[in-house]
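Please read them with the coordinates open.

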Amino acid sequence: MSPGPSLPVQPPNGPQPNGEPSSGPRSQKSMTKAERRELQERQRAAKAAKPTAAPGAPNAKQAAKSNQPTAAPKKGPDSGAAAAAKTPKDAKAATAVASEGVAGKAHGLRIFSHFGLPKPVSAAKGDIHPAVVRLALQFSNFKITGANARCIATLTAFKTVIQDYATPPNNTLSRHLMTHLSPQISHLVAARPMSVTMGNAIRQLKLEISGSDIDLPEQDAKDALCQKIDNYIRDRIIIADQVIEETAGNKIKDGDVVLTYARSSVVEKVLLGAHSEGRQFSVIIVDSRPMLEGKRLLSVLSSAGIQCTYLLLPALGSVISEVSTVFLGAHSIHSNGAVYARAGTALVAMLAKQHSVPVVVCCETYKFSEGVQLDSFTKNELAPVGDLFSSFPLTKPREALTLHKGPNLEILNPLYDLTPPTSITAVVTEVGVIPPNSISSIPLALGRLL
């Protein structure tokens, strides 16, 4: 009796490409690209179905993996009630997760996350001098603003730190004082990003410390360092401002209409000096939120007897045609001639250039940065939040008008912008009037090479 024909047996995962049966699951190496892709899709589907599977379906995982239909589980009266009870909780959890995702997107202006954020000063780490702690609090609360004011306050605090410093045994002042100052500097930077003026001053201070005589008595060495700090403030800031005041003041004639933006301590001195010499001119002060620094300048100039006009930045176009000269301050100036200043300065300079109004920047040479900056996005700070959002007529108390962040509101106030050198007519420094395309010659004018 001859044996009957044998039937091909299909493997659990389906027939093989060559029609040969397999005794077990195949490895991914022996699969084709299409089969591996299909396997990955089945695994993804199984993972996605796992959290949403019903509690009464114990074989849902196996069914998703094998792509085979499974029998519906038996439902008793208790199991149906339990499933009905758990469904609203799952729905609430899913809704909460979704709302958190939306809120995260609303708050997540991650493109600006690298900006220096105003933040409260954390607890001091290491041996931080009380004068530095106090200064850091003033920086973080914007009690001290302006490049010159911040630099003078920093150097003055470091004078106190140096006078209270005592060199440990078996150490020299020129080496250990640098180590002692490092945490002080870090604490200030943690409160608010370091300005270019502070960086240049601290670099010069470290150079003076490293060059101090090791044979000099400690108190004499500390007195010599404090004297050099005083000389730096006198030569690079105070006397420099006096020279700029005289040079830029000669550009103001009788009957001129001078426009300035926000508040620059150097421009303020220039205007007061020109008025004290008897020149008759008027000033237009352009200001913007949230700092509104021009109000302080308005108070000083009007008290001195200078005729002033105050307006906000959006109204600049209506008065720019009447302006004779634009005087602007600077936070720092870069070797390509770009000026880094309070946000809104670039708009004022560009509009003045469009109307053929000369733009004069008053800037000390110690604000010079040898780096090149092409925009104000790669490096910037954010102004403090808490601007007053008022609508007229006022129907709410002033305290209720403060603008704060909300679920669907992100407040973004960049503190600085970059003015291109093509919008600047001249830069007045203590070494002379320099065109913006020759700013890189400042180190040479100061007697040192780049």
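1. Is Glu364 buried or exposed? Glu364 is buried, because its relative accessible area is 1%, under the 20% limit for that class. Its partner is Lys367: the two form a salt bridge in which the closest N and O atoms are 3.2 Å apart. Lys367 has 3% relative accessibility and also counts as buried. Please keep in mind here and below that this is a predicted model.

2. Overall content. The protein chain has 450 residues, of which 37% count as buried. Its secondary structure consists of 12 helices and 11 strands. Among contacts with a separation of 6 or more, 76% are between residues 24 or more positions apart. The chain exposes about 25700 Å², and 57% of that area comes from carbon and sulfur atoms.

3. Salt bridge between Arg342 and Glu293. The structure holds 11 salt bridges, and one of them joins the side chains of Arg342 and Glu293, at 2.7 Å from N to O. Arg342 belongs to strand β6 (residues 339-342), while Glu293 sits in the loop between β2 (282-287) and α10 (294-303), so the pair ties together parts that are 49 residues apart in sequence. Both residues, Arg342 and Glu293, are buried.

4. Salt bridge between Arg279 and Glu277. The side chains of these two residues meet at 2.8 Å, N to O. Arg279 counts as buried, at 17% relative accessibility. Glu277, by contrast, is exposed, because its relative accessible area of 55% is over the 50% limit. In general, side chains of opposite charge can pair when their charged atoms come close.

5. Cis peptide. The peptide bond from Arg289 to Pro290 is cis, and its omega is near 0°. Pro290 lies in the loop between β2 and α10, the loop that also holds Glu293 of point 3.

6. Positive phi values. Phe142 is placed in the loop between α4 (130-140) and α5 (147-163), and with 13% relative accessibility it counts as buried. Ala262 is another residue other than glycine with a positive value, its phi being near 55°. Ala262 is found in the loop between β1 (257-261) and α9 (265-276). At 5% relative accessibility, Ala262 counts as buried.

7. Packing of α7 and α8. Helix α7 (residues 196-210) packs on α8 at an angle of about 145°, and the axes are 11 Å apart. The crossing of the two helices is right-handed. On the α7 side the contact is made by Asn200, Ala201, Gln204, Leu205, Glu208 and Ile209. Leu225, Lys228, Ile229 and Tyr232 make the contact from α8.

8. Surface patch. Ile238, Ile239 and Val243 form a nonpolar patch on the surface, and together they have about 200 Å² of accessible area. Val243 lies in helix α8 (residues 218-249), the helix that packs with α7 in point 7.

Technical notes: Residues are numbered from 1 along each chain as its sequence is written. This is a predicted model: local features need pLDDT of at least 70, side-chain atom pairs count only at pLDDT 80 or more; totals for chains, interfaces and linings use all residues. Side-chain values use heavy atoms; hydrogens and water are left out. Patches are made of residues with over 30% relative accessible area and no salt bridge: like charges are joined within 9 Å, nonpolar side chains (Val, Leu, Ile, Met, Phe, Trp, Tyr) within 5 Å. Accessible areas come from the Shrake-Rupley method with a 1.4 Å probe; for residues, only the protein chains shown count as cover. A salt bridge is a side-chain nitrogen of Lys or Arg within 4 Å of a carboxyl oxygen of Asp or Glu. Helices (H or I, at least four residues) and strands (E, at least two) are DSSP runs, numbered from the N terminus. Buried means under 20% relative accessible area, exposed over 50%, partly exposed in between (1.4 Å probe, protein chains only). Contact means heavy atoms within 4.5 Å. Axes are lines fitted to C-alpha atoms, for helices over the stretch in contact, and angles run from 0 to 180 degrees between N-to-C directions. A crossing is left-handed if the near helix is turned anticlockwise from the far one by less than a right angle, and right-handed if clockwise.
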